[in-house]
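Please look over the sequence and the structure below. A short report follows.

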Amino acid sequence: SGFNSIGHMDTMLRGRHQIGHCKEGEEFIQNVFHVLFQIFKGKEKSNLSICWLQYEISKVVQCLGAKKKKKLKAQGRKSKKLAKNFLKAPDNRNDLSLWKLYAYLEWLLGNTDDSRKVFDTALHTAGTGGLKSAHLCSLSLLYAQLEVELLESTEGAVMSRAVHILTKLTESGPYVPYSGQVSSVNVLKARKTYEHALQDYLSKTPVSDQDQVSDADQLVNLVGCYALFQYLTVGIDAAVLIYTQASEKLEASAPQKCEKTGDNFGSQNFPSVLEAVTLLHTNLLRFHMKISVYPLNPLREALTEALKRYPSNQSLWRSYIHIQRKSHSASKARRFFDNVTRSTNSLEPWLFAIQAEQMRKKLAEKVQRADIGEVHCTIPETGLTNRIVALFEHAVQSENGTHCPLLWRMYLSFMV
């Protein structure tokens, strides 16, 4: 249809099929990985392994989204083979980041028991660093999040595997797999440990730049684990309170830290910590709304505040569009998109504003069509079409939009 996509342009539709990874683009990317793999050594090589595995996981996620079972099976086999080869290398045997990705891959492929075994083994071999070990926290957080997604309601969640994982993390002893119950004394101890650990982290000043980066990651994992723990043992309000407290503390301390240690600390790491904490916060609210009755307003407010601050965060925009689809009034969302696009140079707000309108157009057309195939309604829906064209026009006139191939392709595709 006149397009040739290198790599992956999943926003484009070609007939009924979404454009995924085309053959030439895929070969090119695989060649790049293979060539670089010969060149790198040590830490760089293990970082490349992580990137490569993340890329493979993104393809598995895409197959899951497209619901193509055959393709998923083949892709799963390839990705697992690659992951196992990485883990066989002597340098990578104790690399928790790779173990974490391998366990996640197994989980995505539906092999829940195998995935649990991998997680349990990784946690057992990771040692007894407890909350002080960033890798251990990160691994436990992902494991607990995946387990929580299996829950159908929060009733009885105190006895769940997720609570066991988050409780064991605070004990700084060797990890013991879940046996079916969690002692309430351990839950109380764990809550105290989390509370003290979070206070210590929020009040300490990092010494070097290297410390700042690892501390930033560690703080995000710690807040995530503590909030999830509170969510499962107390409730959603307790979890939201943790996120609010952490965000307020970070906002208050960012400018002062910035003056003390020069520009670097305030500009790079603190916003990224805040952004990651906000993302965890909104994701938890979305999950809670899925499994129980909860008002939409807290989530909408959290998202609008976050997007004003981080207008180029795609995950936040996706969540925002998702909740806006539920509301019948488009004017609020349009005003919000308008405000954000005026105040930032990022291209994401334009792309998502266009996507939101296109979804609305699709919905309107679906409602107007009769049940006897493609019979169009006598009054065509031109208002939305004109609005989308106007959005494209404004977007391609912006500085970043002029140089964005994806935007031009979307525009061409829409006009066709």
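In what kind of crossing does helix 6 pass helix 7? The crossing of helix 6 past helix 7 is left-handed. Keep in mind that this is a predicted model.

## How helices 6 and 7 pack

Two packed helices are described by the angle between their axes and the distance between the axes. Helix 6 covers residues 134–149 and helix 7 covers residues 161–170. They pack at an angle of about 165°, and their axes are 8 Å apart. Helix 6 is therefore roughly antiparallel to helix 7, as the cut-off is over 145 degrees.

Helix 6 brings Leu136, Cys137, Ser140, Tyr143, Ala144, Glu147 and Val148 to the contact. Helix 7 meets them with Arg161, Ala162, Ile165, Leu166 and Leu169. Of the residues in this contact, nine are nonpolar, one is polar and two are charged.

## Helix 6 itself

Helix 6 has 16 residues, so at 1.5 Å a residue it should span 22 Å. Its end C-alpha atoms are 23 Å apart, which agrees.

Helix 6 is mostly covered, with twelve of its 16 residues buried. Among them are Ser138, Leu139, Leu141, Leu142 and Leu146. Tyr143 and Glu147 are also buried, and both meet helix 7.

## Val60 in helix 2

Val60 sits in helix 2, which runs over residues 42–66. Its relative accessibility is 0%, so Val60 counts as buried.

Which residues does Val60 contact, leaving aside neighbours within four places in sequence? They are Leu72, Gln75, Ser79, Leu105, Leu108 and Leu109. Lys73 is 13 residues from Val60 in sequence. In space, the two are 9.1 Å apart, C-alpha to C-alpha.

Methods: Residues numbered from 1 in each chain as written. Predicted model: local features only at pLDDT ≥ 70, side-chain atom pairs only at ≥ 80, totals over all residues. Heavy atoms only, no water. Axes fitted to C-alpha atoms, helices over the stretch in contact; angles between N-to-C directions. Helix = DSSP H or I, 4+ residues; strand = E, 2+ residues; numbered from the N terminus. Parallel < 35°, antiparallel > 145°, perpendicular 65-115°, else oblique. Left-handed = near helix turned anticlockwise from the far one by under 90°. Contact = heavy atoms within 4.5 Å. Nonpolar A, V, L, I, M, F, W, Y, C, P; charged D, E, K, R; others polar. Expected span 1.5 Å × (residues − 1). Buried < 20%, exposed > 50% of the residue type's maximum accessible area, 1.4 Å probe, protein only.
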